[in-house]
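Here's a quick briefing to read alongside the sequence and the 3D view. Have both open and follow the topics in turn.

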Number of protein chains: 2
Amino acid sequence: MTESLKLALVDDHDLFREGLYFLLNNQNSKPEIKAVSNGQELLDLQANWQADIILMDIEMPVMNGIEASKEVMKKYPNTKIIALSMHANENYYSEMIDAGAKAFLLKNSSFEEVQQAIEAVMEGKNFFSPEILESIIKNLNRKKNQPSKSDLTQREVEILYNICKGLSNQEIAEILFISKRTVDKHRENILLKTQSKNTAALVIYAIKNHIFEV
Amino acid sequence: MTESLKLALVDDHDLFREGLYFLLNNQNSKPEIKAVSNGQELLDLQANWQADIILMDIEMPVMNGIEASKEVMKKYPNTKIIALSMHANENYYSEMIDAGAKAFLLKNSSFEEVQQAIEAVMEGKNFFSPEILESIIKNLNRKKNQPSKSDLTQREVEILYNICKGLSNQEIAEILFISKRTVDKHRENILLKTQSKNTAALVIYAIKNHIFEV
DNA sequence: AACACTCTACGTACAAATACCTATTGCGCA
DNA sequence: TGCGCAATAGGTATTTGTACGTAGAGTGTT
């Protein structure tokens, strides 16, 4: 790492951010580091300071890591984004990689792995946590057959979200100003797409796919 | 803080643990710190090294923070436990406080709050993140009226668990070797006790109350 | 002995969800 | 221009869930 390396750290958990900031600042090499707490703040920062490497959390308020990564890559396509996720969720890493991330680490990675990831992306290489690699390989074949969140349309996600809130089709129809029969139809399609056979399975699917938070 | 203060850090996320370890080690006062990655490791450590203060994560593999806290308090009741949680979940903090925790911080607390919490528990006081306090106050009145996990009988929990797995009453009846009408009745009672009005709400309740894991 | 509680079970009625049809509109892509 | 797809909506039938009754057998407590 050269002394001019500019590194941004984007995470909404203050303690985690402070700790990682400290670790990064106490290596042999001293990159220039700026830390912010969500995607929007990162974009604001980018207006007059462009990071070479961004360590990006995914689940954040205001603007999440996926949206933020897309925006960053649009304006500064040479930026190297390293995703930092709490969970090894299949949808997350595929979406982050779509969004332009070059590396993907779990938050229970060691700091050494963070350093390895930084070196890797600087050399134009990719880097993944062992757990992520394992998960990718395990899902390689399943992927093609199984529907994911992105297979649900926007409207379907909206319907599913309201189902999770405990609303009946009738109630959902009323708040969306459409016929109950339309909601029936959407629900039927969602069951089919998610390969669920009842409401309980739908709710579990929604939570696993981050359509609904408990 | 005196120089002899002994502090244990229990968290399964390596990066978070390493970062916080670093921060704690670079204060003016230098406590003696040992870091482990789950409750069982903490208990093993306690065998020949008793911490004065324990910074304890809740969600951990092998042994979670609640179980670990109970064990620690049984053997070393003077230990001050500070809980570190990702979410402001109502059940978590009540269970952790039952288990003997004196302070409760969220992981998006600042390091300053960690220091304040440490000072507070050393003086025998309690300490809570502002978000936690807010949540506690908001739930103060609700608490007494609302049933919690313990209000469901063992059988009801079993039924609810199977509902979350996506089984119908008929299917549940078959695997439990009872009549479908009995499962109907259990389900009705569960709806009443949890103040839910349909399956979706039941599943959300079950997850919030750790009866079912996604 | 009286009481409370759990688990069991049934009757009845109605509401909601599931399943399999068809069909129109509008929008974007090849 | 034609094609696919999302969103809308209805018909009809069946299954499942929700709601309010009752009630016996077993267990443990006062």
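By class, the surface near DNA strand D has two nonpolar, eleven polar and nine charged residues. Here Ala, Val, Leu, Ile, Met, Phe, Trp, Tyr, Cys and Pro count as nonpolar, Asp, Glu, Lys and Arg as charged, and the others, Gly among them, as polar. Bear in mind that this is a predicted model, where local features need pLDDT of at least 70, side-chain atom pairs count only at pLDDT 80 or more, and totals for chains, interfaces and linings use all residues. Residues are numbered from 1 along each chain as its sequence is written, while chains are lettered from A and ligands numbered from 1 in the order in which they are written.

**The DNA strands**

- Around DNA strand D there are 22 residues, and T153(A), R155(A), I178(A), S179(A) and N198(B) come nearest. A residue is near a strand if its C-beta atom, placed from the backbone, lies within 6 Å of it.
- At least two residues each of the surface near DNA strand D come from helix 7 (154-164) and helix 9 (180-193) of chain A, and from helix 8 (169-176) and helix 9 (180-194) of chain B. Helices (H or I, at least four residues) and strands (E, at least two) are DSSP runs, numbered from the N terminus.
- Helix 9 of chain B gives the largest share of that surface, five residues.
- DNA strand C is surrounded by 21 residues, the closest being N198(A), T153(B), R155(B), I178(B) and S179(B).
- For the surface near DNA strand C, helix 8 and helix 9 of chain A plus helix 7 (154-164) and helix 9 of chain B supply at least two residues each.
- Sorted by class, the surface near DNA strand C has two nonpolar, eleven polar and eight charged residues.

**How the two chains meet**

- The contact takes 31 residues from chain A and 30 residues from chain B. Two residues are in contact if their C-beta atoms, placed from the backbone, lie within 7 Å.
- On the chain A side, helix 1, helix 5, helix 7 and helix 10 (199-208) give two or more residues.
- Helix 1 of chain A has the largest share of that side, eight residues.
- The side of chain A that touches chain B divides into 15 nonpolar, ten polar and six charged residues.
- Rotate chain A by 180 degrees, with 0.8 Å of shift along the axis, and it superposes on chain B with an RMSD of 1.5 Å. Copies are superposed by least squares on the C-alpha atoms of residues with pLDDT of at least 70 in both.
- That is the relation of a two-fold axis, and in chain A the C-alpha nearest the axis is that of G19(A), 2.1 Å from it.
- Both copies use the same surface, with 97% of the contact residues of chain A recurring in chain B.

**Helix 1 of chain B**

- Helix 1 (residues 14-25) of chain B has twelve residues and reaches 16 Å from its first C-alpha to its last, close to the 16 Å expected at 1.5 Å a residue. The expected span is 1.5 Å times one less than the number of residues.
- Its buried residues include L15(B), F16(B), L20(B) and L24(B). A residue is buried if 20 or more other C-beta atoms lie within 10 Å of its own, exposed if 12 or fewer, and partly exposed in between, with C-beta atoms placed from the backbone.
- Those buried residues pack against helix 1 (14-25) and helix 5 (111-122) of chain A, as well as strand 1 (6-10) and strand 2 (32-36) of chain B.

**Cores**

- The largest nonpolar core has 80 residues, and I82(A), A83(A), I82(B) and A83(B) have the most contacts inside it. A nonpolar core is a set of buried Ala, Val, Leu, Ile, Met, Phe, Trp, Tyr and Cys residues joined through C-beta atoms within 7 Å.
- Apart from that core lies another, of 36 residues, among them I159(A), A206(A), L167(B) and V203(B).

**Loop residues to look at**

- F177(A) sits in the loop between helix 8 and helix 9 of chain A and is exposed, with 6 other C-beta atoms within 10 Å.
- Phi of F177(A) is near 60 degrees, a positive value in a residue other than glycine.
- Q195(A), in the loop between helix 9 and helix 10 of chain A, has a positive phi of about 55 degrees although it is not a glycine.
- Most residues other than glycine have a negative phi.
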